[in-house]
Number of protein chains: 4
Amino acid sequence: MIAYTLNFTNIHSTAAPPEPHSESSVPSRSIPRSRVSIRNVEIGGDGFVVIAGPCAVESDEQIQASAELVAAHGVQVLRGGAFKARTSPYTFQGLGLDGVKLMRDAADRCGLPMITEVLSERDVESMLSFVDAFQVGSRNMDNTALLKLLGQVDKPILLKRGFAATIKEWLLAAEYIVVGGNEQVVLCERGIRTFSSETRFTLDLAGALYARQQTRFPVVIDPSHATGNPQLIPPLAAATLAAGLDGLMVEVHPHPEAALSDADQALTPDLFANMMEQLRRFASAAGRPFAR
Amino acid sequence: MIAYTLNFTNIHSTAAPPEPHSESSVPSRSIPRSRVSIRNVEIGGDGFVVIAGPCAVESDEQIQASAELVAAHGVQVLRGGAFKARTSPYTFQGLGLDGVKLMRDAADRCGLPMITEVLSERDVESMLSFVDAFQVGSRNMDNTALLKLLGQVDKPILLKRGFAATIKEWLLAAEYIVVGGNEQVVLCERGIRTFSSETRFTLDLAGALYARQQTRFPVVIDPSHATGNPQLIPPLAAATLAAGLDGLMVEVHPHPEAALSDADQALTPDLFANMMEQLRRFASAAGRPFAR
Amino acid sequence: MIAYTLNFTNIHSTAAPPEPHSESSVPSRSIPRSRVSIRNVEIGGDGFVVIAGPCAVESDEQIQASAELVAAHGVQVLRGGAFKARTSPYTFQGLGLDGVKLMRDAADRCGLPMITEVLSERDVESMLSFVDAFQVGSRNMDNTALLKLLGQVDKPILLKRGFAATIKEWLLAAEYIVVGGNEQVVLCERGIRTFSSETRFTLDLAGALYARQQTRFPVVIDPSHATGNPQLIPPLAAATLAAGLDGLMVEVHPHPEAALSDADQALTPDLFANMMEQLRRFASAAGRPFAR
Amino acid sequence: MIAYTLNFTNIHSTAAPPEPHSESSVPSRSIPRSRVSIRNVEIGGDGFVVIAGPCAVESDEQIQASAELVAAHGVQVLRGGAFKARTSPYTFQGLGLDGVKLMRDAADRCGLPMITEVLSERDVESMLSFVDAFQVGSRNMDNTALLKLLGQVDKPILLKRGFAATIKEWLLAAEYIVVGGNEQVVLCERGIRTFSSETRFTLDLAGALYARQQTRFPVVIDPSHATGNPQLIPPLAAATLAAGLDGLMVEVHPHPEAALSDADQALTPDLFANMMEQLRRFASAAGRPFAR
């Protein structure tokens, strides 16, 4: 028989389940902020954190070049997809656990912590010794079986908002993790699905701000999936910082035109460099620590 | 190690993966219709099939009374939830496998096949010997890990449309099942999430018709979750039949006021009886076999 | 100076303003139904009424052929657009008042009442002697200045639901007409704007049913604008009848391929004839008078 | 007869209609920016412009106090509603032309230009000598009759995005003004209607950026109507500036708790002062002129 909850090497000592948040309460600054550390990188403190990397891990060379690129500009956490949630089963599904290992190597060589998405309950255990944090994608925000399992893991979980989830549903999805004993939750807004079709999704910056008022968890923004338009990412990154949110997750590719997935969505190295430079100026104006 | 794909007793002999459907093709009646049998009940043929039962299995008495009620009115398949996908981890999560077994007994005593929702990859195997068909809920339509696993099962899969999924995404989710070798897919429209808040979701009857034109799979409608309003269910059931769709899935409870979940959404026995009577008249006018 | 409220030849004697409907009340069948007559055609009684015609009046020949086509199949009211609400100012804007007059002639020759859309406060007076009913389009549902003016007219007003309006907003828009003294309001659901892009809009049949429960006004459905797909119109027309709504408004063109606007949305004469035939059968099964 | 296009005292000399914008073109910075002046206040240049005032003009005292408040903090343009687009005809409809005159007086005494909403074609002429700019509200973005009329006026038009309008539809609505000869258009994003209900609407900051890339017109943001939540307005104002947009329109009331409409949406004087202070810092970091 399978005993998922027993044979984790990294199992969280299950404390008493915390009190659920009240969704009906009015926004309050009195909720103590939670600080979540992906290895040595603290999210939810004073600083503004940038998580960056390619949409998908494609090869050793590609993820290595990506890690070097983002590290060179002060990014604090490497991202990349190994298990890919694709709309069609007939498209590239990612390199799987091999991709996770390639990413681990690249991150280590650049001295970065790394985060990658988990799609299946059956992959949690095997990924556990390679990743610094798990990402739950928008399409799995309602996968309560996966969330419950991640509640037993002692690693941070970046929980993307379902693209049709209300703020209340998002916060309750976080509770599915918390109820198992894992308090290390980072929320990530990545765009909601609306009638508006000129951007891929509609980035709900106001919703992210509201979520942050309603909960103790840090909230970061992913403008890459929200818009699918690299030209819009730098101004939205600056907006994220100015609005006082905790960080940013963006897709950047050393050679976007050759990417195996979401090729037209990734920042080019040039746009990325400009964005980081602009963020540095606004962070300084806001008095917030930024980058490495 | 876990080898989900090996130890199913009911494993499907994996055929060559079928050609994917082309989503760009114009609607065509020339796609040969697929007929899916839940035991002896054929969905997708000439007849109009009704699947009914309570939102959740609550007790032996309740599911037994429910099965008797629906059987008495000619319903062909019993439905009921044992593993419940709830928004909050702090609400009733269902009776789990015990609920599945109670439902199996009730169905058998009334001579009905039964269908229930699966939430976790880890439950598929244990449910396999009890259920006649698996339901994948709206919140798991994008759970590709679960879909791939169900592609290896030799049971019909009722795939609800994600409440924010396009028709194309819904049909491609079905392909995640088909690609594993399981062609027994029934599509179920259950309402999409829109700005409109006077009904719980917005039933997309036109989308269901369009989906049926684009694919070979039968398409049924769930007006209970779409509206959350029992007064609207009978006219929408009649509309479903008149529009030429393949069937209906509704929630009915012997005592709705005492239901443990979605209490205000279930048909009362009286509304249910009237609905079945009206459906019988329209089925006759449309020349379609109806009920047992 | 302009005194719009004085020089109408057809002015309604202003009665005391009626009580507003309460939107918070639960659905009730006890609201007495309103019956609205477009000349001799009663909407909101036992019968099922079909309003049909081309998207736009294009020429004397075209509107005459359209009127003959719809009259031949028993349609009770002729529709057609003379003032057209187009997204772009650089596309065909309709024939204006000349189009209204052509339509009046065609309707008279076929013995049909007619309805057409009004776009501007400044056109109400000049249209008044030619039309049997005014249509307010989806894009003008919130044009309260126009609604207030139509409240002073003694002609029926078909008020389309704004494609982003809640039911409550729709019913309150109707009150803007009623408050001026004109109780002859027919509501028309024509699809709402959602993320779903495979149909032009999302037909909200459940919302239309809910609206009918909440108000005394008749409710009809326009599946042409809702879907933009002629293949979907006949099944949705049948669904409208089976659901118990009051009528249907559809676009049909004698030669759709040559239409100046919405060419790909109009029913062909063949599809239209089949639809009317099928409606006749369902109306008979439902015991409802149908067609002329 | 009415000859709206003739008897304006301020009539625009009708130039040849400009070329329509191409919506299919890729975003380009090469479109020359249009600069629109509301009297002496230029929108669309280097500076960041703040337009502020109460939701509605309620009395001489209230609009005077509002004008003094906003002027004291460096706001460049006074806003306020005299003709109010209310959902229900049974609620406060505004003071009408009397409100416009009160606002004119208050603006003059504080040396500010002013802008107010026009709801009816029949009010354009009488408002013309009192206002510095016309606002077209979200609910009238599709009122093409009104837009065409405003195309003949020689005053700036602030065109709010319809809350269910695509960017393309918004830009084409602007063309309805331009085609008449009035190039002085400012676009204003004020939130779109989505499923998300925790904020009143969903502010589409990315859409506003995209619109600005696609057109020559300045683009400003209204976070008051977008969120209906004063706590969210200051961070969204900072985001607007950091994202590089042209300005801001916000509601502020000297005594929000006593406001006759949208009382819970207005900034308090304290929140407003803090917001202006923060904007000043970010404007300085961005090297943009700000406030008077």
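Modeller: Helix H2 of chain C covers residues 97-110, which is 14 residues. In this predicted model, H2(C) reaches 20 Å from its first C-alpha to its last, close to the 20 Å expected at 1.5 Å a residue. An α-helix has 3.6 residues a turn, so residues three or four places apart point the same way. Just after H2(C) comes C:Gly111, which takes a positive phi of about 70 degrees.

Now to packing between chains. Helix H8 of chain A (residues 233-242) packs against helix H6 of chain D (residues 205-214) at an angle of about 140 degrees, and their axes lie 10 Å apart. H8(A) is therefore oblique to H6(D). Their crossing is right-handed. H8(A) makes this contact through A:Pro235, A:Leu236 and A:Ala239, and H6(D) through D:Leu205, D:Ala206 and D:Leu209.

Last, the copies. Chain B is superposed on chain C by a rotation of 180 degrees with 0.0 Å of shift along its axis, at an RMSD of 0.0 Å. This is the relation of a two-fold axis. B:Ala239 has the C-alpha nearest the axis in chain B, 1.9 Å from it. Both copies use the same surface, with 100% of the contact residues of chain B recurring in chain C.

Conventions:
Residues numbered from 1 in each chain as written. Chains lettered and ligands numbered in written order. Predicted model: local features only at pLDDT ≥ 70, side-chain atom pairs only at ≥ 80, totals over all residues. Heavy atoms only, no water. Least-squares fit on C-alpha atoms with pLDDT ≥ 70 in both. Contact = heavy atoms within 4.5 Å. Helix = DSSP H or I, 4+ residues; strand = E, 2+ residues; numbered from the N terminus. Expected span 1.5 Å × (residues − 1). Axes fitted to C-alpha atoms, helices over the stretch in contact; angles between N-to-C directions. Parallel < 35°, antiparallel > 145°, perpendicular 65-115°, else oblique. Left-handed = near helix turned anticlockwise from the far one by under 90°.
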